[in-house]
Amino acid sequence: MVEPLLTTRGLSRGFGALKACDGVDIDIRAGEIHALIGPNGAGKSTFVKLVSGEIAPDSGSIHLLGKPVGTLPMTARAGMGMARSFQVSALAPSMTGLEHVVLALLQHRGGVFHFFRPIARDTGLKARAEEILARVGMLDRATIPVAGLSHGERRQLEIAIALALEPRVLLLDEPMAGMGAEGSARLAALLNELRGDMGILLIEHDMETVFALADRISVMVGGQIVATGNAGEIRSNATVQSAYLGDAP
Amino acid sequence: MRSDMIFTLAAMAALLAAGLYGYLGDEPFFLTLAAKAAIFALAGAGLNIALGYGGLVSLGHAAFFGIGGYAAGILASHARNYEPLMSWPVELAGTTSAPLIWIVAMLAAGLFSLPMGLLSLRTGGVYFIMITLAFAQMLYYFAVSWPAYGGEDGLSFYVRNELGGLSTMDPWSWFLICYAILAVALVFIAVLTRSRFGLALTMARENPLRLGNIGVAPRRVLLTAFVISAIVTGLAGALYADLNRFVSPSMLSWHMSGEIMVFVILGGVGRLGGPVAGACVFILLEQVLGGFTEYWQFLLGVALIVIVLMGSGGLAGLFERTGVRKAAAHG
Ligand SMILES: Nc1ncnc2c1ncn2[C@@H]1O[C@H](COP(=O)(O)OP(=O)(O)O)[C@@H](O)[C@H]1O
Ligand SMILES: [Mg+2]
């Protein structure tokens with residue numbers, strides 16, 4: 001079997017006495033959509049923050065494309081092909097969606113340390129950014145500063161930025177929350193298209209979406225992974241039934 | 001963006017008109033004031049790169065202003081006294097060539113800003129302000145206690161430095177030189193803010209976490225902006241020393257840092273023409289109010305509070321809002 005794109009082993013992180021992540025083992029394989037589900041406060045966002053490098057683990061290992069990255073800064077992991085969307089949109093209010101996506105594209109196009117050439121004159125860059133914005137369905141709102149975008153549009157922009165990084169591994173923390181039915185459906189279709197191009201970790205509460213999209217599902221409760229399997233296995237898993245699915249909204 | 005351009009051109013036109021008035025009316029004092037405004041505007045434009053575009057509240061820019069000033073003063077005084085700057089390991093002579101002095105001033109300010117930026121960028125908020133202030137104060141006390149270049153009394157050097165065949169002691173020529181340098185610096189800043197780096201700097205200010213997320217270390221971007229900012233303010237310091245043919249530790253004092261910050265806040269933080277308008281209005285107030293009362297700085301303080309309370313953007317922001325209202329009325 002080919003090596004997974006992303007592997008964590010025994011990944012742990014506490015906040016005071018609380019173990020937000022407690023010995024988490026997860027693999028994300030090339031081309032799969034791997035859903036991570038669990039009740040609020042289970043530690044899913046903490047897991048994403050650990051993997052992306054926003055916060056440091058107390059113990060455990062993270063391998064990206066076979067290399068240990070647990071101590072590398074966020075920027076280095078991004079450079080190796082890891083992209084992440086934020087559960088709470090993290091955007092620059094005065095910048096337009098187009099500018100966000102253009103800036104993200106620069107990672108693979110010579111970086112940002114160029115001081116003279118006007119960025120607006122780089123038509124190739126703009127065309128590529130517009131392509132991505134069209135893909136998430138917000139091309140017509142591309143030149144409006146983020147401060148003027150709706151909550152749902154900001155969620156779409158989050159995805160566009162992640163795609164602009166041309167990632168090998170994509171971590172999506174509740175990307176559909178607040179998108180509305182139409183937006184969610186479009187994103188689900190987009191994720192379906194992206195399947196195979198990259199490994200995707202998808203945190204999502206809506207079970208229908210998860211069962212429809214995910215190749216594999218991991219269930220997290222109290223900082224621990226209590227089950228991993230395909231949709232059928234998870235549906236019939238007794239622990240999951242009692243721990244999570246039973247009292248899911 | 002458009003209104004920023006118009007405001008910048010208007011402020012520059014006003015400054016040029018002030019210079020012309022001094023030239024045609026044969027009022028050298030007025031011309032010297034206009035040159036001073038151009039130099040202060042340049043110092044403010046430098047700070048604006050860090051403060052306005054990078055969101056870095058530096059209360060230490062007097063350090064760069066003073067370094068630029070002392071670079072000019074020290075080089076010129078050595079040249080005039082025919083003393084080499086140093087004789088070991090290589091013999092280095094002073095110079096009175098203005099372009100050379102400008103380059104040295106910019107290099108010196110840029111070099112000093114590197115450790116200062118590295119250290120202060122490890123912190124944020126109030127700590128950033130305090131550490132930049134501490135660096136500048138350190139230099140200030142060093143200059144006061146270092147006797148070689150005048151210590152507390154400062155250093156005079158009788159004639160302005162030389163630029164080609166221009167007569168730098170002629171107030172009109174000198175004003176034009178300062179004005180041209182300011183114009184070049186503003187063009188440079190306009191280009192910078194529209195570049196890749198400018199875009200990254202905006203994101204570093206508004207959402208550093210996101211910038212890291214897309215693979216760019218915010219601190220590297222901010223440090224670069226801080227150094228560029230220091231270089232521009234350093235150049236202004238060299239011009240200021242030449243203007244007065246005198247440098248003293250007061251150029252390094254925290255009053256000076258505060259004044260440079262006032263130019264920016266008064267004119268408009270993060271607006272290209274902000275420091276130009278701010279410096280012009282500052283000098284105008286100093287002359288007009290200063291004539292009435294010794295407490296004009298108190299009145300300036302009141303004016304500043306009013307401007308800050310009216311919303312961000314200072315005079316430039318005011319201009320934007322009236323422009324928008326007019327456009328709305330016409331549309
Ligand atoms: N920075 C923090 N400081 C203290 N506690 C935190 C912090 N971040 C998360 N937690 C706690 O860790 C637990 C897991 O949170 P989180 O990872 O956000 O869960 P999820 O995303 O699964 O809803 C929660 O109990 C939360 O309150
Ligand atoms: Mg969460």
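Analyst: In this description, a helix is a DSSP run of H or I with at least four residues and a strand is a run of E with at least two, numbered from the N terminus. The model is predicted.

User: Where is Arg245(B) found?

Analyst: Arg245(B) is found in the loop between H9 and strand S4 (246–247) of chain B. Although Arg245(B) is not a glycine, its phi is positive, at about 50 degrees.

User: Why does Arg245(B) count as partly exposed?

Analyst: Partly exposed covers values between the buried limit of 20% and the exposed limit of 50%. The relative accessibility of Arg245(B) is 28%, so this residue counts as partly exposed.

User: What makes Asp26(B) count as exposed?

Analyst: The term exposed requires a relative accessible area over 50%. Asp26(B) reaches 64%, and therefore counts as exposed. This residue is found in the loop between helix H1 (2–24) and H2 of chain B.

User: Why are H3(B) and H9(B) called oblique to each other?

Analyst: The axes of helix H3 (residues 61–81) and helix H9 (residues 218–244), both of chain B, cross at roughly 45 degrees and come within 6 Å. Angles under 35 degrees count as roughly parallel, and roughly perpendicular begins at 65. The two helices are therefore oblique to each other, and their crossing is right-handed. In the contact of H3(B) with H9(B), nine residues are nonpolar, seven are polar and none is charged. Among those in H3(B) are Phe64(B), Gly68(B) and Ala72(B), while those in H9(B) include Phe226(B), Gly234(B) and Tyr240(B).

User: Why are H2(B) and H10(B) called roughly perpendicular to each other?

Analyst: The axes of helix H2 (residues 28–53) and helix H10 (residues 254–267), both of chain B, cross at roughly 80 degrees and come within 8 Å. Roughly perpendicular spans 65 to 115 degrees. H2(B) and H10(B) are therefore roughly perpendicular to each other. The residues of this contact comprise nine nonpolar, two polar and one charged. Phe40(B) and Leu47(B) are among those in H2(B), and Glu259(B) and Phe263(B) among those in H10(B).

User: Which residues are the protein donors of the magnesium ion (ligand 2)?

Analyst: Ser45(A), through OG, and Gln87(A), through OE1, are the protein donors, lying 2.1 to 2.3 Å from the ion. Both distances fall within the 2.8 Å limit for donors of this metal. Ser45(A) belongs to helix H1 (residues 44–52) and Gln87(A) to the loop between strand S6 (82–85) and helix H3 (97–105) of chain A, so the pair ties together parts that are 42 residues apart in sequence.

User: Why is Ser45(A) called buried?

Analyst: Buried means under 20% relative accessible area. Ser45(A) has 18%, and so is buried. Gln87(A), with 34%, is partly exposed.

User: Why is H3(A) called largely enclosed by the rest of the structure?

Analyst: Eight of its nine residues are buried, so H3(A) is largely enclosed. Leu98(A), His100(A) and Val102(A) are among the buried residues. In chain A, the buried residues of H3(A) pack against helix H4 (123–135) and helix H5 (151–164); in chain B, they pack against helix H7 (196–206) and helix H8 (208–213).

User: Which residues does Val191(B) touch?

Analyst: Leaving aside residues up to four places away in sequence, Val191(B) touches Phe115(A) and Phe116(A). Val191(B) lies in helix H6 (residues 171–193) of chain B, and its 28% relative accessibility makes it partly exposed.

Notes
Residues numbered from 1 in each chain as written. Chains lettered and ligands numbered in written order. Predicted model: local features only at pLDDT ≥ 70, side-chain atom pairs only at ≥ 80, totals over all residues. Heavy atoms only, no water. Axes fitted to C-alpha atoms, helices over the stretch in contact; angles between N-to-C directions. Parallel < 35°, antiparallel > 145°, perpendicular 65-115°, else oblique. Left-handed = near helix turned anticlockwise from the far one by under 90°. Contact = heavy atoms within 4.5 Å. Nonpolar A, V, L, I, M, F, W, Y, C, P; charged D, E, K, R; others polar. Donors = N, O, S within 2.8 Å, 3.2 Å for Na, K, Ca; no water. Buried < 20%, exposed > 50% of the residue type's maximum accessible area, 1.4 Å probe, protein only.
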